[in-house]
Amino acid sequence: MDSSQPGVSDFVLVEEISDAAIVENLRVRFEQDVIYTFIGEVVVSLNPYKNLPIYDAEWVARYKGSNLYEHPPHIYSIAERAYRSLVTQARDQCVLITGESGAGKTEASKIILGYVAGMGDGVKIRDRLVSASPCLEAFGNAKTARNDNSSRFGKYMDLEFDFRGSPIGGKITTYLLEKSRVVNQSGNERSFHIFYQLLAGSSDDLLTRLSLSRTTTDFAYLTAQSPPDLDDAAHYQSVIKSFKDAGVSDSTVGAWLEIVAAVLHLGNVKFEGKTEAPASATAPATVEAGENADQPQQNGDAEKEKTAETVGIERSTVVNEEVLRRVGALLGLDAEKLAQVLTHRSVYDPAKKEKIVLPLGSQQAEKTRDALAKTLYGRLFDHIVSTLNQCISIGSEKGYNVIGVLDIYGFEVMEHNGFDQFLINYCNEKLQQVFVELTLKSEQEDYQKEGIEWTNISYFDNETICDLIDSKKSGFIALLDEESTFAGEPTAKTFLHKLDTNLVKHPHYESRSKQASGKRKSSSNLLTASATPSSTAAAPSKMLAHNEFMLRHYAGDVVYETDGFLDRNVDALWRDVVTTLGESGKSVVREMFPALTGVDGAPDGGDVASTSARTKRPETLATQFRSSMGNLIANLMSKNPHYIRCIKPNAEKAANKFDVELVEHQCRYLGLRENILVRRAGFCYRSAFPKFLNRYKLVGTHISVDPRGTWPTYTGTPREGVQNLLNSALVSGNAYQLGKTKVFIRHPDTILQLEKMRTERKEILATRIKAVWKGSKDRKSLAKEKKKVVKLQAYARRQLEAKRYQKMKASALTIQRHARGYRARKNYKGMKRTLPKYAVVPIQRAWRVHAGRKWLKNVAIVAKEAAEEWKSWESWPALKLKNGKVTRETVQLWARRIHAKRFQAKLTYEDKEKLHWKATAFEHFQKKATFRDVISKPFVLDHLGYTTDPVLKMKWATISPDPIISAITATKLHRHNPGKTAQRILILTATRLYALDPKSSVVKESPTLEEIVGISASLTADGIMILHCPGAEKGDIILRNDEHLIEFLSRLVIAVAARGKAPKVIVDNRLSASFAKGQSIILAFQTGPQLEQVTIKKASDAWHVAVPTSIQPAS
């Protein structure tokens, strides 16, 4: 605990446990902006009504990984404890946030959500989880008399975590949206935020498209202006951004805003009624609008109708049809059809098996309009929740550990309390029952069951109030449902009479009838606080009105007005309207109103089963809410709970103001004093013997040292093992007690001490395991290195023997050469003695003379045989010599040789190089289809200007000092995907071939000329070339240049040959290329008459290159 904070950080440590002492400690801390205080593991939070600098990244880092009492009380303490419990115990957790409306529950839930969602990895899902809350606030929160951002729905969010503790998804569950606020708000309250935010923050173009204006008074459903402290325009932009961050598409958000606008326009639709002449038959009874209703339903607040014989039939029509057309356009409905279902309804007559259409009066049409608006907004809210769940859900049925965060409406006492306040307060009663059950009742029962010495502490148990409300036989909800579905014409008065008849003896129920009869009783253990500034409810001594009854809740007495209970309990819409909306042209509207089965207007001849489906009544709203509460409570009871008790310091929502009387009232009904007493006298930690022993057994001594030790396994009874473990850890006997099946630890310091010892032992064990693992790893590594050394030695011996053999071979060759030389010199000396001096030159001269004479003799013979033809200048070149050659060919050969020698003598060194270049091209690439077009053009060394442009020269100087032999651009084909290419600059030097990135001039590849052992090209008119580099890291290189292929490859052949060995040149229509790891491909070239350009397609057996036939291969 932090002793530097004002007051006491944990109420367990206060000297005097009383309501006054609790409030005084809260006041002292509140005045110093310290709003959080512990009650053991429970956090009490005061709403400061201002921003405090205690939620930034520095504060988050301070509480991450810390123990509960390591830092001052904070909402992060609960969040960290819940997260650590989930990770270490692998058990689902939940955080229950309770308190009055305006106590800061919504902000607390957002802080909890932001903290736990930031754990581990996964930034995307974290942002989506955090962004879901502002979206729901815009559509589900509203300004009330007590809270500018009051939740008008209940929200429970499960955050799913993987085994590493990282958030991977979530699920949102909502409860009872206050749909009546759409059409009616009391006093200075507002409707839902989104209506005002849309009008204030949307663009002019969007407002024009939705036919809206920025003035709220233009819309009948909006009765209050925005207060100055609420920036609706900024909040609208924030909501749109939150939807985007949550993963909702812009089109979906746009469709939702169209429905919001349709609701606003729907409130402006007006009806005009007129009465027609009475018919001979009696008009059917009027029925309130009810969803899925196939027959007239009586909701007793309506007056009994007169027959058509007396007043005639009342009909209604739409006055402002233009407004209705706007609604129809926004909802994707035909305006005439919409007007029909708003001013008429159909009833299925099972006797005649036909649908009867009945007109509605103006008041009934307005009620149908309002019911449509409420249902539209309610279905829209459900659709938003469903869409957000799809965005944040992991999409797997696999069970993950979760942390649930409950943010639900607080206890409400309004000036006029109706059906909505009743359900809200019932929800708070159930949550208070959970708190009492888990923190007060079950804890004391656990002590008694385990035989722990304990003085029982009395507390207020609100179970009797919950039974009063939700008892299935005679509870309030059961009586309400019975009256709502009564066959006659129930009214608020008959409903109150039913309550008086069945609940008059219950001590928590009060009505005027009960007061008048003098049967009022009070419960001795009931909290009967008088009205406070937070409550306008009547005191028990006040005489109630004829339409009022009072329930004594745990938070105080609340007076309810029965008007509207029956209507709200059966709050639905005619089937005709639902069916029409299901036929909308907008997909979102159709999703909100799926097709109904067995609806009114079904084809004639329906059987009994379909008739039964039509006449079956849906569950009432109160029954649905009771079922939802039951599921919620069961869900919470299955998880490990953590509590945040929110208190509002004043009713004016003012900062730095502390209302002692109001705070004391809240502390009293929240049961803080009883909670402190139980926590102070009880134990902070309890656990079953096997579970405790399994977690902390490594803290005990080793069985090799002490047979009673608990590590690594314990074979005795769990109780003895726990006792031995605590003795080994030197835990004082006063710090714990052993029950029958559980161990109870009194102080949290003991648990912290055990956790610290456990962590230290784990580190020791981890060090040992790490050492063993390292030893095993090093031994395996040594064995591998030893094998490598043996292989290296064998290779070295092989190389040494090979060198020794080469030396022996060279020596033998030297000896042989010397022997042959000796023999040749000896033979030469012998010949020299027998032949005349300088005989070789005369012999050569004689042979040439002999050859010349022989040739001339041959010519003479040919001439003699030719006779007169030899004398003709035109015919002698065609004469053939005896060797078969034509005379002219021989003479031409002599002439060409003579001219060639003379031409070569006149050439410069550069000209000789160019001539050699073209000769090389002719030698290797004359079969290429483009050879004839290329060979006639001059060859250029640098096509890019690297040898002339100063800037390019400087760039090249930073890459290599070697002079450039050739430079072109080319396209590199990916070795595994011919469709994937990259532009390259090819620069050839005397030592390397450089491939540069044309944008950054970065060297991508630079094989040496020695590594290029071969060059391949096709016979067709394409520009694909393969450079075979088996010694390169990635293998062969595939390039393409359609203009300078022959020119560049010829120069490359010359450069490679100059380095030692000429490359192998292949020109064929089936080429191969080899890459790293033994991979290879085949390139098959073929021509096609229908092609316009070269195309490459990858098949399983080869790359198929199709080339146009505009240029044919050379013959």
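This is a predicted model: local features need pLDDT of at least 70, side-chain atom pairs count only at pLDDT 80 or more; totals for chains, interfaces and linings use all residues.
Residues are numbered from 1 along each chain as its sequence is written, and side-chain values use heavy atoms, with hydrogens and water left out.

Helix H4 covers residues 105–117; helices here are DSSP runs of H or I with at least four residues, strands are runs of E with at least two, and both are numbered from the N terminus. The 13 residues of H4 reach 18 Å from the first C-alpha to the last, close to the 18 Å expected at 1.5 Å a residue, where the expected span is 1.5 Å times one less than the number of residues. Ten of the 13 residues are buried, so H4 is largely enclosed by the rest of the structure. Buried means under 20% relative accessible area, exposed means over 50%, and partly exposed lies in between (1.4 Å probe, protein chains only). Among the buried residues of H4 are Lys105, Ile111, Leu113 and Tyr115.

Side chains of opposite charge can pair when their charged atoms come close. A salt bridge is defined as a side-chain nitrogen of Lys or Arg within 4 Å of a carboxyl oxygen of Asp or Glu, and by this rule the count comes to 38. One of these joins Lys586 and Glu258 at 2.9 Å, N to O. This pair links distant parts of the chain, 328 residues apart: Lys586 is in the loop between helices H20 (575–582) and H21 (587–592), and Glu258 is in helix H9 (residues 250–267). Lys586 counts as partly exposed at 26% relative accessibility, whereas Glu258, at 15%, counts as buried.

A salt bridge also connects Lys928 with Asp1022 (3.8 Å, N to O). Lys928 lies in the loop between helices H32 (909–925) and H33 (931–935) and Asp1022 in the loop between strands S24 (1014–1017) and S25 (1024–1028), so the pair ties together parts that are 94 residues apart in sequence. Both Lys928 and Asp1022 are buried. Elsewhere, salt bridges with shared partners join Arg152, Glu178, Arg181 and Glu189 into one network.

Lys780, Lys784, Lys787 and Lys791 form a positive surface patch. Patches comprise residues with over 30% relative accessible area and no salt bridge, with like charges joined within 9 Å and nonpolar side chains (Val, Leu, Ile, Met, Phe, Trp, Tyr) within 5 Å. Lys780 is found in helix H28 (residues 748–834) and, at 57% relative accessibility, counts as exposed.

Technical notes: Accessible areas come from the Shrake-Rupley method with a 1.4 Å probe; for residues, only the protein chains shown count as cover. Lys and Arg count as positive and Asp and Glu as negative; His and the chain ends are not counted. The place of a charge is taken as NZ of Lys, CZ of Arg, CG of Asp or CD of Glu.
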